[in-house]
Structure formats: structure tokens, C-alpha cells
Amino acid sequence: MALGTVAGTLISISAGTPATFNVAGYTALTYTNIGSIEDGGEHGRTYNEVTFNPIDTRGTQKFKGSFNEGNKTLSIGYNSDDAGMILLKTALNSDNDYSFKVTYPDGDIDYFQAKVMTLTKATGGVDSIRMASVELSITTNSAGVGIVEFLAT
């Protein structure tokens with residue numbers, strides 16, 4: 001896939017949980033687009049580093065430990081009438097995981113489950129848009145499945 005901009009990327013939310021944590025399970029859900037996203041943040045797996053220092057060789061050995069799918073912060077132009085914003089507010093007041101879908105302009109898609117941890121409003125100066133910042137804490141299911149990637153052909 002060639003390089004390209006993220007212009008046209010859509011991020012959407014679903015209150016549903018996939019029956020299976022794969023592309024087929026996530027595709028079966030109904031999603032609501034989140035409007036007016038200015039910055040979609042970043043997401044991806046990060047491993048903890050585990051080190052071991054044997055006294056005989058003095059050299060540090062390194063291993064991969066547990067992983068975390070991380071947090072994703074969305075910067076959104078606040079619109080209380082946007083169906084995606086309404087669903088984000090509902091998710092904020094819930095302990096449940098919600099399903100998210102990130103659709104890129106080339107047709108690639110990332111699916112994941114996350115808890116909405118924060119939804120804060122920002123008021124800047126006279127020449128700024130009323131904004132919201134939403135933090136998603138991406139979860140991993142009991143089988144170790146976190147972000148599911150679909151690559152367009």
C-alpha cells in the first residue's frame with residue numbers, strides 16, 4: 001500500500017459486542033460515525049520490556065513481557081446533536097466495552113473494543129471551535145485479542 005493522508009478517515013462506535021473477535025464478528029455490528037474529528041490519535045500494541053541480569057556474564061538479557069493495546073485520544077469539534085457524540089457520552093457513563101471501527105481512505109479497517117474513560121470539553125479563545133477530548137482505553141479479551149486489522153485488497 002502506498003503512502004497517503006488520513007483525510008477521509010472515519011471513526012465509528014457501536015454499543016454491540018462482536019460474537020467473535022475477528023473481522024466477521026466486528027463486521028456484523030452496526031456502527032455510528034463520530035462526526036467532526038479533528039485528530040484521531042494513535043493506537044497500537046506496546047510490549048513491556050522484561051530484563052534479566054545474570055551475575056556471571058553481567059549482560060542484560062531482554063524479553064517481551066505483557067502487552068497493552070494502549071489509549072487513543074480523539075480531538076473532536078463538540079456537537080451535542082451528533083449521534084456519535086451522544087453514543088460516546090453514553091459509553092462514558094458505562095463500565096462496558098464499546099466496539100470501534102477506524103476506516104482508512106484506502107479501505108483498510110482497524111476494529112477494537114475500548115472503554116470511554118474521559119470526555120472533556122474545551123473552550124479556547126474567541127477564534128476557536130468548541131472542542132471535546134475523548135480518551136479510549138483499548139481492551140484485550142481473555143484470549144488475548146485486541147486490535148483486529150482488515151487489509152483491503
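## Briefing on a predicted protein model

The protein has two helices and 10 strands, where helices (H or I, at least four residues) and strands (E, at least two) are DSSP runs numbered from the N terminus. This is a predicted model, in which local features need pLDDT of at least 70 and side-chain atom pairs count only at pLDDT 80 or more, while totals for chains, interfaces and linings use all residues. Residues are numbered from 1 along each chain as its sequence is written, and side-chain values use heavy atoms, with hydrogens and water left out.

**Overall layout**

- Along the sequence, the elements of the protein follow the pattern β-α-β-β-β-β-β-α-β-β-β-β.
- Taken along the principal axes, the box filled by the C-alpha atoms is roughly 65 × 40 × 40 Å.
- Of the 153 residues in the protein, 29% are buried; buried means under 20% relative accessible area, exposed means over 50%, and partly exposed lies in between (1.4 Å probe, protein chains only).

- By residue class, the lining of the largest pocket holds seven nonpolar, six polar and three charged residues; here Ala, Val, Leu, Ile, Met, Phe, Trp, Tyr, Cys and Pro count as nonpolar, Asp, Glu, Lys and Arg as charged, and the others, Gly among them, as polar.
- The second largest pocket has a volume of about 200 Å³, and of the 10 residues that line it, A2, L3, G4, T5 and D106 are the closest to its centre.
- The lining of the second largest pocket divides into six nonpolar residues, three polar and one charged.
- On a 1 Å grid over the protein atoms alone, a pocket is an open set of points where a 1.4 Å probe fits, with protein on both sides within 12 Å along at least five of seven lines, and lining residues have an atom within 4 Å of a point.
- Grid points are joined across faces, edges and corners, and a volume is the space filled by probe spheres set on the points.

**Salt bridges**

- The structure holds two salt bridges, each defined as a side-chain nitrogen of Lys or Arg within 4 Å of a carboxyl oxygen of Asp or Glu.
- One of them joins the side chains of E69 and R45 (2.7 Å, N to O), and this pair links distant parts of the chain, 24 residues apart, with E69 in the loop between β5 (61–68) and β6 (71–77) and R45 in the loop between β3 and β4.
- E69 counts as buried because its relative accessibility is 2%, whereas R45, at 37% relative accessibility, counts as partly exposed.
- In the other salt bridge, the side chains of D97 and K115 meet (2.5 Å, N to O); D97 lies in the loop between α2 (83–92) and β7 (98–103) and K115 in strand β8 (residues 109–122), so this pair ties together parts that are 18 residues apart in sequence.
- D97 counts as partly exposed at 22% relative accessibility, and K115 counts as partly exposed at 30%.

**Nonpolar surface patch**

- V50, F52 and F63 form a nonpolar patch on the surface, with about 290 Å² of accessible area together; such a patch is made of residues with over 30% relative accessible area and no salt bridge, whose nonpolar side chains (Val, Leu, Ile, Met, Phe, Trp, Tyr) are joined within 5 Å.
- Accessible areas come from the Shrake-Rupley method with a 1.4 Å probe, and for residues only the protein chains shown count as cover.
- F52 lies in strand β4 (residues 46–52) and counts as partly exposed, because its relative accessibility is 47%.

**Backbone and loop features**

- Most residues other than glycine have a negative phi.
- S36, in the loop between β2 (32–33) and β3, has a positive phi of about 60 degrees although it is not a glycine.
- R58, which is found in the loop between β4 and β5, is not a glycine either and has a positive phi of about 65 degrees; R58 counts as exposed at 74% relative accessibility.
- N79 has its place in the loop between β6 and α2 and, at 34% relative accessibility, counts as partly exposed.
- The C-alpha atoms of N79 and G35 are separated by 8.1 Å, although the two residues are 44 residues apart along the chain.

Note on methods
Patches are made of residues with over 30% relative accessible area and no salt bridge: like charges are joined within 9 Å, nonpolar side chains (Val, Leu, Ile, Met, Phe, Trp, Tyr) within 5 Å.
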